[in-house]
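Visitor: I'm new to this one. Could you pick a single part and take me through it slowly, then show me what else is worth a look?

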Amino acid sequence: MNKRVAVVTGGNRGIGFEICRQLAKVGGMHVVLAARDGKKGETAAQKLRDEGLDVESHALDVTSEASIRSFTGWLTGGHRRCDILVNNAGVMLDPRGSRVLDSKLVTWRDTLETNLIGPLLLAQALVPLMKRNGYGRIVNVSSGQGQLSDMGVGTPAYRVSKTALNALTRTLAAELKGSGILVNSMCPGWVRTDMGGAGAPRTVEQGADTAVWLATLPDDGPSGGFFRDRRPIPW
């Protein structure tokens, strides 16, 4: 396959679905829409194929090491490459009004499994495929709620998970410097999705734009940064 292969986790709905759509519209791109529920993933992928876009689906549970191994084996055997990884799958499990002192350990564990450990395991699994071609783009979908410069109360597990994801971005970017693999975090803003709610001011198209921009950066593009609306923002 001469096309670049882009993997988008949590791609069956919301921002992830729109990232798949926008990436598939980029010339020479084959998109793998990864979703925990394989049937929902295939339904979403078919919608994009109906638009004439080059998209296929595959089941992937980012909280399962076995699922990640299976996905990596399928990708390696079928495509023999991975050029782009968008770690979009994420959860916000904190109950409304949650605070650190009354939060439950299970909320922290489940949140970190999806929002931090999943991207870590996927990087470990797929970076070797990127290194084969000396090219890669990793985009970690983070949040302004993870900014230390603007840290506040509420949704503590979610906030900390996104701060940790940003630290992973910085560490991984430093390790991969000079390899041709660029690693960045982005904040989509408050977007009208199942997570963001109907009252959010931004569309999914706006929320996806920066992720797609980072996923298609030129070789001299930034690495180890945090962006919103294609502009750097404080950590």
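**A close look at the salt bridges**

Guide: Let's start with glutamate 42, which is partly exposed, with a relative accessible area of 33%. Keep in mind as we go that this is a predicted model. The side chain of glutamate 42 meets that of arginine 49 in a salt bridge, at 2.3 Å from N to O. Arginine 49 is partly exposed too, at 27% relative accessible area. Salt bridges with shared partners also tie Arg4, Arg81 and Asp83 into one network. The count for the structure comes to nine salt bridges.

Aspartate 83 and arginine 4 form a salt bridge whose closest N and O atoms are 3.8 Å apart. This pair links distant parts of the chain: arginine 4 sits in strand E1 (residues 4-9), while aspartate 83 is in the loop between helix H3 (65-78) and strand E4 (84-87), 79 residues apart. Their surroundings are worth a glance as well. Aspartate 83 has 0% relative accessibility, so it counts as buried, whereas arginine 4, at 30%, counts as partly exposed.

Arginine 21 and glutamate 18 are both in helix H1 (residues 14-24), three residues apart, which is about one turn of the helix. Their side chains meet in a salt bridge at 2.8 Å, N to O. Glutamate 18 is buried, with a relative accessible area of 4%, and arginine 21 counts as buried because its relative accessibility is 17%, below the 20% cut-off.

Leaving aside residues up to four places away in sequence, asparagine 184 touches a list of residues including Ile138, Thr169, Leu214, Ser223 and Phe227.

Finally, the spaces. The largest pocket has a volume of about 1,200 Å³. It is lined by 39 residues, and Arg13, Asn88, Gly90, Val91 and Met195 lie nearest its centre. H1 and helix H5 (156-175) are the elements that give two or more residues to this lining, with H1 providing the largest share, three residues. By class, the lining of the largest pocket divides into 15 nonpolar, 16 polar and eight charged residues.

The second largest pocket has a volume of about 170 Å³. Among the residues lining it are Met92, Asp94, Arg96, Gln145 and Arg159. Its lining has two nonpolar, four polar and three charged residues.

There is also one cavity of 30 Å³ or more, and the space in the largest cavity is about 30 Å³. Its lining includes Thr9, Val62, Asn88, Thr114 and Leu122. Helix H4 (residues 105-133) gives the largest share of that lining, four residues. The residues around the largest cavity divide into four nonpolar, five polar and no charged.

How values were computed. Residues numbered from 1 in each chain as written. Predicted model: local features only at pLDDT ≥ 70, side-chain atom pairs only at ≥ 80, totals over all residues. Heavy atoms only, no water. Salt bridge = Lys/Arg side-chain N within 4 Å of Asp/Glu carboxyl O. Buried < 20%, exposed > 50% of the residue type's maximum accessible area, 1.4 Å probe, protein only. Contact = heavy atoms within 4.5 Å. 1 Å grid on protein atoms, 1.4 Å probe; cavity = no way out; pocket = protein on both sides within 12 Å on 5 of 7 lines; lining within 4 Å. Points joined across faces, edges and corners; volume = space filled by probe spheres on them. Nonpolar A, V, L, I, M, F, W, Y, C, P; charged D, E, K, R; others polar.
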